[in-house]
Amino acid sequence: SGDFYRRAPTEASQATLASVSPVFAVMKLDKEGNTTYFEKKKTELYQELGLQARDLRFQHLMSIATRNNRIIVRMEFLKAVITPEFLLILDYRNLSLEHWLFNELASQLAGEGQLVTYSLPFEFRAIEAILQYRISKLQGRLNTLQPQILETLEALVDPKLLSVDRSKLHILLQNGKSLSELETDLKVFKETILEILDEEELIEELCLSKWTDPQVFEESTSGIDHAEEMELLLENYYRQAEDLANEARELRVLIDDSESIIFINLDSHRNVMMRLNLQLTMGTFSLSLFGLIGVAFGMNLESSLEEDPRIFWLVTGIMFLGSGLIWRRLLSFLGRHLEPPLPPHVPAVLKKSQPAAGRVEIKNNLKAETFGLSRSTLTNQ
């Protein structure tokens, strides 16, 4: 009776776990592209596939692993299990996957698409179709971001603008955030592929038919190296991801350079306003200085000068003339101190004493400085 009572809660708990286990909506595709749909509990599915429960957790955003001659793939929303005979797509009811799953995937697996692995076993086609889908999604995101970023930067870098449009800056901020997310996804994709390429055993394990199909095993031993074909396939998509990462990196550099140009333009306009303010301040000072003469004559003091009718025009002329002379003097003083210093003169003797290598180095440095100067001048213009 004691053993019965100990077994009863255990059986009840197992029945409870089985009743609450998640149910997968499964899409099954075979070698001919035939598609079937069904729902199955997680416990039943991993038992039929000969896997463990942890193999179907799909905790990572992207992973490619092999378990018991099965390939388990996770590509963001895509969760798939590849066998030598069929491909299972788990939880296929996703809006971002419908077009590809129902319109393209079956024809690709049947040999009607643009895959290059038709002559190879089924797992090659399945892996290539999944990798191609992921790369196309990343490429589409980049193609959407690139014109938006270029258009926004072109509007912000215009030197005629005295102020920056905040709405454009907000759009650039959102696009920069999306670009950072794209760079992260590309980095994860490359790292996942690179982990497999660095391990020959992992590449061998991805060739499922080599260990289950005697004909494929004989072909691999007779000269057709399926592991090498798998390595070439992964390297191809790694290079495509590297190219996309380079384009995204160029956009990031362009954003950083454009931000520097925006700050330079704003500083230039700010300097113009500060210089104008300083000139007006000096003019006000000049007028105030010679305005003291008018203040002195405007007081109720008796002298012989106020009886002469020409004194008013004389004093007024002296005030304006003196104010103008003082203002011009202050402006010339300001101009001398704001002009950039001239480069130091290099004596002719020093030029002749330079060795050939030194002359080449100085020439290259001068070229670089001239290019930088012309570039900064163009930016200011």
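Student: In what order do the six strands of the sheet lie, and how is the pairing described?
Tutor: The order in this predicted model is β2-β1-β6-β5-β4-β3, an open sheet with antiparallel pairing. A strand here is a DSSP run of E with at least two residues, and a helix is a run of H or I with at least four, both numbered from the N terminus. Residues are numbered from 1 along each chain as its sequence is written. As the model is predicted, local features need pLDDT of at least 70 and side-chain atom pairs pLDDT 80 or more, while totals for chains, interfaces and linings use all residues; side-chain values use heavy atoms, without hydrogens or water.

Student: Why are β2 and β3 called edge strands?
Tutor: Two strands pair if DSSP finds at least two bridges between them. β2 (35-41) and β3 (62-67) each pair on one side only, so they are the edges.

Student: How do you know that β3 and β4 pair?
Tutor: They share six bridges, in the antiparallel sense, and the requirement is at least two, so they count as paired. Within β3 and β4, Ile-64 stands opposite Val-73.

Student: Why is Asn-69 called partly exposed?
Tutor: Buried means under 20% relative accessible area and exposed over 50%, with partly exposed in between (1.4 Å probe, protein chains only). Asn-69 has 23%, so it falls in the middle class. It sits in the loop between β3 and β4, and its phi is near 60°, a positive value in a residue other than glycine.

Student: And why does Glu-76 get that label?
Tutor: Its relative accessible area is 29%, so Glu-76 is partly exposed too. Glu-76 lies in the loop between β4 and β5 and also has a positive phi, about 60°, without being a glycine.

Student: At what angle do helices α3 and α4 cross, and with which hand?
Tutor: The axes of α3 (98-110) and α4 (122-156) come within 10 Å and cross at roughly 145°. Axes are lines fitted to C-alpha atoms, for helices over the stretch in contact, and angles run from 0 to 180 degrees between N-to-C directions.

Student: What makes the contact of α3 with α4?
Tutor: Contact means heavy atoms within 4.5 Å. Among the residues involved are Trp-100 and Leu-105 of α3 and Phe-122 and Arg-125 of α4.
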